[in-house]
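My notes follow the structure.

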Amino acid sequence: MEIFTISFVVFTIMSGFSILFPILPFWATNLGATPFEVGLVFSAYPLAQFIFAPIWGKISDRLGYKFGISVGALGFGLTSLLIPIYPSVIYLIIIRFLGGIISSAALPSTSAYIGAISSERVSTRNFGIYGAAIGLGIVVGPFIGGFASNYGTTIPFIISGIFGFLAFLVSILALKNVKGNISFGVKAKGLKTDKKILVLFAFVIMVIMVNFEVILALLIKDKFSLGSREVGYLLGFSGLVGAIVQGNAGRITKITGEWGAIFLGFMASAAISPLIPLAPSFKVLSLLVVLIVSFSGISQPSMLSLLSKGAENRGEVMGAYQSASSLGRIVGPILGGYLYSLSIKLPFLFASILSLVCLIIWWRVKKLYTKSLTGV
């Protein structure tokens with residue numbers, strides 16, 4: 001029952017977060033923001049998460065994961081409500097950064113909470129359900145935001161804030177305060193080598209996925225002369241498929257194993273990425289994208305499950321994971337945009353090469369992780 005409660009909290013937070021996706025660009029430009037400033041509005045949030053997620057992870061290890069979840073949800077709700085009260089681009093960027101600082105307490109704490117309540121037998125299954133909740137929230141939120149904007153430009157911000165407060169109330173009332181295996185006054189040992197490499201994998205996966213999100217729109221426009229509607233449908237459908245796959249990740253990894261699932265994710269990315277700019281039609285391109293997202297939906301819960309194993313420093317580990325993912329969200333669009341300006345094929349070729357490098361590292365990290373569990 002706890003896994004569904006925490007997944008509901010995560011779904012609520014991510015829905016509230018993604019409600020603002022279709023609204024913020026128009027809100028910022030109506031305030032007179034330049035394209036560069038619109039970019040700052042979006043990058044301020046992940047930048048704050050990159051800096052502060054590891055800090056919140058350590059705090060939640062000490063004070064409890066419920067504390068981190070509730071603070072993050074409450075902070076997210078408050079800052080969403082604060083956005084429309086003052087019409088200034090600088091104010092908007094500052095509030096987004098502040099929202100990123102406070103809300104970055106939530107995701108490391110939720111994933112650490114799941115790791116703490118999950119036995120090894122159901123760990124991947126639980127993280128699959130967790131990943132599905134995140135994916136569904138990201139899919140549902142923009143639909144709510146777009147619909148709500150018909151009733152006023154400030155309504156999406158109010159609904160986003162309400163979602164944050166709902167997540168806060170559920171976390172306060174329904175979750176127990178599980179703590180990490182760390183005592184005050186004891187110096188943290190830091191991340192082991194195997195987990196550092198898994199965090200690196202998380203960064204690479206996010207760079208690849210965000211690269212696709214940004215560059216796909218340009219590719220579809222330039223190659224097939226299609227617009228935002230088709231891009232939205234593709235991202236929404238692929239996100240839904242990814243969420244379904246993640247929800248069944250536990251069943252899949254009974255066959256592949258967790259390390260095997262990670263291998264399949266990188267293998268699919270390496271093999272399929274170069275084919276995307278060569279797709280002869282939008283339908284073929286859509287099929288390739290859905291395949292990559294599906295394999296990623298298998299690998300990400302497995303990665304989280306592996307990171308969560310071992311009771312010590314779980315919040316710190318998940319904070320590092322969230323920080324790496326946030327850094328990927330910052331680096332991915334910049335790098336992808338630059339490569340695309342050189343050639344439409346380069347971003348996808350780069351994703352393939354990056355995945356191949358990770359496959360090579362995969363062989364080594366698997367051995368390291370086995371050693372860390374056996375103590376040999």
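The entries below take ground rules, then helix pairs, then cavities.

**Ground rules.** I am working on a predicted model, where local features need pLDDT of at least 70, side-chain atom pairs count only at pLDDT 80 or more, and totals for chains, interfaces and linings use all residues. Residues are numbered from 1 along each chain as its sequence is written, and side-chain values use heavy atoms, with hydrogens and water left out.

**Helix 1 and helix 7.** I looked up helix 1 (residues 2–18) against helix 7 (residues 123–148). Their axes come within 7 Å and cross at roughly 25°. Axes are lines fitted to C-alpha atoms, for helices over the stretch in contact, with angles from 0 to 180 degrees between N-to-C directions. Helices are DSSP runs of H or I, at least four residues, numbered from the N terminus. Helix 1 and helix 7 are therefore roughly parallel (angles under 35 degrees count as roughly parallel, over 145 as roughly antiparallel). Their crossing is right-handed. That term applies if the near helix is turned clockwise from the far one by less than a right angle; anticlockwise is left-handed.

**Helix 4 and helix 8.** Next I took helix 4 with helix 8 (residues 155–174), which pack at about 160° with axes 7 Å apart. That makes helix 4 roughly antiparallel to helix 8. The crossing is left-handed. By class I have twelve nonpolar, seven polar and one charged.

**Helix 12 and helix 13.** Helix 12 (residues 258–272) and helix 13 (residues 282–308) have axes that come within 8 Å and cross at roughly 150°. The two are therefore roughly antiparallel. This crossing is left-handed. Helix 12 brings residues including Glu 258, Trp 259 and Ile 262; helix 13 meets them with residues including Ile 292, Phe 295 and Ser 299. The contact divides into 13 nonpolar, four polar and one charged.

**Cavities.** How many cavities of 30 Å³ or more are there? I count two. A cavity is a set of points on a 1 Å grid over the protein atoms alone where a 1.4 Å probe fits but cannot get out, and lining residues have an atom within 4 Å of a point. Volume is the space filled by probe spheres set on the points, which are joined across faces, edges and corners.

The largest cavity holds about 100 Å³. Which helix gives the most to its lining? Helix 12 does, with four residues. Helix 9 (193–224), helix 12 and helix 13 each supply at least two. Ile 262, Ile 292 and Ser 299 are among the lining residues. The lining has six nonpolar, five polar and no charged residues.

The second largest cavity holds about 60 Å³. Its lining includes Leu 20, Tyr 45, Phe 76 and Arg 96. Helix 4 (65–82) and helix 5 (89–103) are the elements that give two or more residues. I noted five nonpolar, three polar and one charged residues in this lining.

Terms used:
Parallel < 35°, antiparallel > 145°, perpendicular 65-115°, else oblique. Contact = heavy atoms within 4.5 Å. Nonpolar A, V, L, I, M, F, W, Y, C, P; charged D, E, K, R; others polar. 1 Å grid on protein atoms, 1.4 Å probe; cavity = no way out; pocket = protein on both sides within 12 Å on 5 of 7 lines; lining within 4 Å.
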